Amino acid sequence: MAARRAVVKRKTRETDIELSLGLDGDGRSKIATGIGFLDHMLTAFATHGRFDLDVRCKGDLHVDAHHSVEDVGIALGQALKQALGDKQGIVRFGHAYCPLDEALSRCVIDLSGRPWLHFEVKFKAQRVGDMPTELFEDFFWALADHGRLNLHLDAIRGRNAHHIAETLFKASSRALSMAVARDPRVKGVPSTKGSL
């Protein structure tokens, strides 16, 4: 079977991004966004989803982290959409619970072609490392919108903002890994409409 890979180059006045994604990888990553905590989260995303992911982002961090975080989410969503192609033979749905010490999060995904994000997550801290916690929702909205997926994220419990954020990325990567998997029983596209 052909490898499902995509490369996205996105350049604006605010960011310059090169991103490559392999859906059938083994979790290798090379991440450099200029935002240490985002690098850590994307590394976890690649590792636990078994995606091969390279990201290089040069952004206007002298302004703040928002443009870089959102635009990396946009590029990742675009790469996911490209790598999936016509979605022939995929599972389509995925779900995962991931804990980290006291924190527990759930992710449910549908590669429906209809973007939506449900984000039921509360952070007590305003920042984790060099990343404002409000930007996690922006990242996942960008991913859902440009990846054309339905994404439900719930932080079920947790105290430590680092732990909560990490469970969101691990759960989303595990759920996405399940959803993009090939199912030999699926002939064509898994939809009663015949398209996704």
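This section describes the sheet, the helix packing and selected residues of a predicted model. Residues are numbered from 1 along each chain as its sequence is written, and side-chain values use heavy atoms, with hydrogens and water left out. Local features need pLDDT of at least 70 and side-chain atom pairs count only at pLDDT 80 or more, while totals for chains, interfaces and linings use all residues.

Helices (H or I, at least four residues) and strands (E, at least two) are DSSP runs, numbered from the N terminus. Two strands pair if DSSP finds at least two bridges between them. An open sheet of 4 strands runs in the order β1-β2-β4-β3. Its pairing is mixed. Strands β1 (5-11) and β3 (29-32) stand at the edges. Each has a single partner strand, so one side of each is left without a neighbour in the sheet. The twist averages 5° from one strand to the next. Angles run from 0 to 180 degrees between N-to-C directions, and axes are lines fitted to C-alpha atoms, for helices over the stretch in contact.

Strand β1 pairs with β2 (residues 15-22) over 7 bridges, in the antiparallel sense. Within these strands, V8 stands opposite L19 in β2. Two helices pack on the sheet. Helix α1 (residues 36-49) touches β3 and β4, and its direction makes about 160° with that of β3. Helix α2 (residues 66-84) touches β1, β2 and β4. The direction of α2 makes about 35° with that of β2. Contact here means heavy atoms within 4.5 Å.

Strand β4 (residues 52-59) includes D52. D52 is buried, with a relative accessible area of 9%. The classes are buried under 20% relative accessible area, exposed over 50% and partly exposed in between (1.4 Å probe, protein chains only). The side chain of D52 makes a polar contact with the side chain of R28, at 2.9 Å. A polar atom of the D52 side chain also lies 3.3 Å from the backbone nitrogen of G27. A polar contact is a pair of N or O atoms within 3.5 Å; within protein, one must be able to donate a hydrogen and the other to accept it, and residues adjacent in sequence count only if both atoms are side-chain atoms. Not counting residues up to four places away in sequence, D52 touches R5, S20, L21, G22, G25, D26, G27 and R28.

The loop between β3 and α1 holds I35. At 1% relative accessibility, I35 counts as buried. Leaving aside neighbours within four places in sequence, I35 is in contact with L61, A65, S68, V69, D130 and M131.

Helices α3 (residues 135-147) and α4 (residues 161-180) pack at an angle of about 10°. Their axes are 11 Å apart. The two helices are therefore roughly parallel, a class that covers angles under 35 degrees. On the α3 side, F136, F139 and F140 meet A165, L168, F169 and S172 in α4.

Most residues other than glycine have a negative phi. Phi of D101 is near 50°, a positive value. D101 lies in the loop between β5 (93-100) and β6 (103-110). This residue, D101, is exposed, with a relative accessible area of 64%. Phi of R148 is positive too, near 60°. R148 is found in the loop between α3 and β10 (150-157). At 33% relative accessibility, R148 counts as partly exposed.

How values were computed: Angles under 35 degrees count as roughly parallel, over 145 as roughly antiparallel, 65 to 115 as roughly perpendicular and the rest as oblique.
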